[in-house]
Amino acid sequence: MKKFLFVILIILSSAECFTQKKNQVIVTASKLKEWVSYLASDEMRGRANGSDEMKTAAYWIAGKFSENGVKPAYPDSGFIQNYTLTSRRQSVKERNVIGIIEGTDPLLKDQYIVLSAHFDHTGIRLGLKPDSINNGADDNAAGTCTLIGIARTINISGIKPGRSIVLAAFSGEEYGMKGSRYFVSNPPVPLKEIYADLNFEMTGHSEFLGKNKYYMTGCLYSNLDDLIEEYNKGTGFQLVDTLAVANMLFNSSDNIAFSRVSSSDGTITGIPSGTFATSATPEYLHNVTDEAELFDFDNMAELISYFSDLVIWLSNSRSDVVWTDPAFSSIK
Ligand SMILES: [Zn+2]
């Protein structure tokens, strides 16, 4: 991976003072198994956009946010951001689930770190075996439960973030990131105050990279990965930054809605973002074999604990997250 020395020098000078490397697992493997198995159960029928099951899933996520100390983002509709999802095939009512954990640093709390994950999947495709339901366990009940797990860990640990945190569970991803695109067009907080978007996908498997390892899509484009790699020293966790697939997949999830925000004058600006994942296995992706039983829930629990600490650390960082690739320009 190519690095940008000047950026690293800036980071090294400022990233040291807020280190909290404790990694205590609060959300257990069995709790995660319960959550993922529910979202990826046959009764959810593959969480197709526009379905009754997507509505059920959205309110289940809202309930989990609520019971874990997350505040609703909308005064009138609570956690629910309603929109109409229009694709080539159909026009359906859909909803994102959005909550906020308020920051406590007087200088930083009006800035936001967005943690996002999509909870829709591809529904039922008749004729497949062993059944026709694309349960979407890794894609993306896993990322959705990672969001909930981070909220629960922060809530139970009692550690308050410096910057505020927006938790965003998106629908419509499988039809072209429709939910996240609607969110950035109708944001509950000012876009220019969003520090970065950390998007989670496919965090349930460990056999692709090994335990306590993950990759981040788009790590060539911003200094977000450099900041994280600085944090990672001494944690036992590793951002694997040598995968070609990591940059190929940059355009394949909701992070891209943040990175490619169009401003009102038509120029492309953007919020630094990346998708965090542990696998990229075509064997499971959009396949009926993507089932919860195949997960390494112990590894997922460790990762959620780590990501929770990382998010708290980032929420207190005095370093800016900036684009390092000239193809992107900052919204700020
Ligand atoms: Zn996905």
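**Reading backbone and burial features**

Me: Between which two helices does the loop that holds R45 lie?

Reply: R45 lies in the loop between α2 (29-39) and α3 (52-67), where helices (H or I, at least four residues) and strands (E, at least two) are DSSP runs numbered from the N terminus. Residues are numbered from 1 along each chain as its sequence is written. This is a predicted model, in which local features need pLDDT of at least 70 and side-chain atom pairs count only at pLDDT 80 or more, while totals for chains, interfaces and linings use all residues.

Me: Where is M202, and is M202 buried or exposed?

Reply: M202 sits in the loop between β6 (194-200) and β7 (213-216) and is buried, with 28 other C-beta atoms within 10 Å. Its phi is positive, about 50 degrees, although M202 is not a glycine.

Me: How many residues of helix α4 are buried?

Reply: In general, an α-helix has 3.6 residues a turn, so residues three or four places apart point the same way. In helix α4 (residues 137-157), 18 of the 21 residues are buried, so this helix is largely enclosed by the rest of the structure. N140 lies in α4 and is joined to D139 by a cis peptide bond, with omega about 5 degrees. Just after α4, G158 takes a positive phi of about 80 degrees.

Me: Which residues touch the most other members of the largest nonpolar core?

Reply: A nonpolar core is a set of buried Ala, Val, Leu, Ile, Met, Phe, Trp, Tyr and Cys residues joined through C-beta atoms within 7 Å. The largest one here has 88 residues, of which V36, I113 and L115 touch the most other members. Helix α9 (residues 297-316) gives the most to this core, with twelve residues. Leaving aside residues up to four places away in sequence, V36 touches A137, A141, A142, C145, G204, A292 and F295, a contact being two residues whose C-beta atoms, placed from the backbone, lie within 7 Å.

Me: What percentage of the protein chain is buried?

Reply: Of the 332 residues in the protein chain, 52% are buried, and the chain has nine helices and nine strands.

Notes. Buried ≥ 20, exposed ≤ 12 C-beta atoms within 10 Å, placed from the backbone.
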